[in-house]
Amino acid sequence: MMTERPLTRNIYPDRPPMNLKEYEKTGGYAALRKVCSTMDPAALQKLVQDSNLKGRGGAGFSTGMKWSLIPMDDKATHPKYLIANADEMEPGTFKDRLLLEGNPHQLIEGMILAAYAIQADIAYVFLRWAYHEAATLIRKSIQEAYDAGYLGTDILGSGFHLEMYLHTGVGRYMCGEETALLNALEGKRATPRAKPPFPQISGLFGKPTIVNNVETLCCVPHIVNNGVAWFKGLSYSDDGGTKVYGVSGKVKRPGAWELPMGVTMRELIEEHAGGMKAGYELKGVLPGGASTDFLTTQHLDIKMDYKSVAAAGSRLGTGTMIVLDSGTCPVGFVHNLQHFFAQESCGWCTPCREGLPWVEKILLALEKGDGKPEDIELLQMHTQFLGPGNTFCALAPGAMEPLQSALKYFMDDFEKHVEHKKCPYN
């Protein structure tokens, strides 16, 4: 059935994305018309909360619950803001790019609906700097939405007003953290803010703000059009809906696919990605992007949903997995990731600013054959000192996840670097 892949059913690799008229012919903006004529903001918030739509950006928090925390009616200060986090910079993650370039009006409709639910006055698409094609398409689609009366004043005669803008970032991974994103959008250094106050109370320019991931927002029109039971029925797990999963690494068909939430890791790798390339075996998987813990072949039959992946010792994250193969050195693999995280640290807190470069140097020494036995102990120490609760935000704890799990599952490889004074994979 076409409805089994609602997010990508109108995305085709051999043709450009739909313009406004084409999008409307496939049912586009029908959800907005329905909401503007039959639902108040509280009803829309409840609908999304009942659907069990969880945030697709990595945290997996209930979207409807997040919306419900923003002040409403006479308790609210204005302007209120809605922001689509399209700053997709997690290594190995490319799911939002598929949606942005494949069907930009889907995102815009989802944003208008979310803004209506929280009664936001202004919406921003915060886009990764490198997504030039997406930027062109979003600008065009926003203007089309204005021209059709879906944006601006008194949208569809509902009395609801919304202005929408595209903001292109300057290329910092740190902007994936929502409060650092808010600082960047205000023209400040992209550093995280103390919480509380949370963005729902004091966000952009000190006003109530909701930040949602692109994929999350794209789900909203389909929930409105088809209902809670339908959305939950798409999933193989307790988490509602489908998920855009991805696989990269030495597999035969790397890519992204929209599948029921809760599909197994084995199905993703062996059926959709075609299995490993000839001459390579699967050694490990980062299931949700670079900042998640390794899982191994013993975990292939777990469901790719939030609860199941957490129970296995990792996180679903973005759902875009990076495959480690038998011919790639785990130490070099992790060093490459730590180089990225050290480079992208905002420098706001000491453990992250000083600890990540130290970790990177230790791993580089191991790769060069200059490692010592105590270096492995130092790495293990860092996984604790840079772990949750010791840093200002989740960047360093996320960076420690692939390291701590590599030390758990691939300790032999680390020890061989010390013993043989070289990388055994070279």
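**Entry 1: the whole chain**

I began by noting that the model is predicted, and I then looked up its secondary structure, which comes to 17 helices and eight strands. The radius of gyration is 22 Å, close to the 22 Å that the globule rule gives for 426 residues, so I wrote the protein down as being as compact as a globular protein of that length. For the extent of the C-alpha trace along its principal axes, I noted about 75 × 45 × 35 Å.

**Entry 2: inside, surface and charges**

I looked up burial next and found that 59% of the 426 residues count as buried. When I turned to contacts between residues at least 6 apart in sequence, I saw that 71% of them join residues at least 24 apart. The protein exposes about 17,300 Å², and carbon and sulfur atoms supply 52% of that area. I also looked up the charges, and the mean positions of the 43 positive and 48 negative ones are 1 Å apart.

**Entry 3: strand β1**

Is strand β1 buried or exposed? Six of the six residues of β1, which covers residues 81-86, are buried, so I recorded this strand as largely enclosed by the rest of the structure. Tyr81, Ile83 and Asn85 point one way from β1, while Leu82, Ala84 and Ala86 point the other way, and all are buried.

I then looked for the partners of β1. Six bridges join β1 to β2 (residues 122-127) in a parallel arrangement, and in this pair Ile83 stands opposite Tyr124. Another five bridges join β1 to β4 (residues 209-213), and these two strands also run parallel; here Ala84 stands opposite Asn212.

**Entry 4: strand β5**

For β5, residues 242-248, I found that seven of the seven residues are buried, so this strand too is largely enclosed by the rest of the structure. Both of its faces are covered, with Thr242, Val244, Gly246 and Ser248 on one side and Lys243, Tyr245 and Val247 on the other.

Which strand pairs with β5 in the antiparallel sense? I found β6 (residues 255-260), which is joined to β5 over six bridges, and I noted that Val244 stands opposite Glu258. These two strands form a hairpin with six residues between them, and Gly249 in the turn has a positive phi of about 120°. I finally looked up the pairing of β5 with β8 (residues 320-325), where three bridges join strands that run parallel, and where the bridge partner of Ser248 is Ile322.

Conventions. Residues are numbered from 1 along each chain as its sequence is written. This is a predicted model: local features need pLDDT of at least 70, side-chain atom pairs count only at pLDDT 80 or more; totals for chains, interfaces and linings use all residues. Side-chain values use heavy atoms; hydrogens and water are left out. Helices (H or I, at least four residues) and strands (E, at least two) are DSSP runs, numbered from the N terminus. The radius of gyration is taken over C-alpha atoms; the globule rule is 2.2 Å times the number of residues to the power 0.38. Buried means under 20% relative accessible area, exposed over 50%, partly exposed in between (1.4 Å probe, protein chains only). Contact means heavy atoms within 4.5 Å. Accessible areas come from the Shrake-Rupley method with a 1.4 Å probe; for residues, only the protein chains shown count as cover. Lys and Arg count as positive and Asp and Glu as negative; His and the chain ends are not counted. The place of a charge is taken as NZ of Lys, CZ of Arg, CG of Asp or CD of Glu. Two strands pair if DSSP finds at least two bridges between them.
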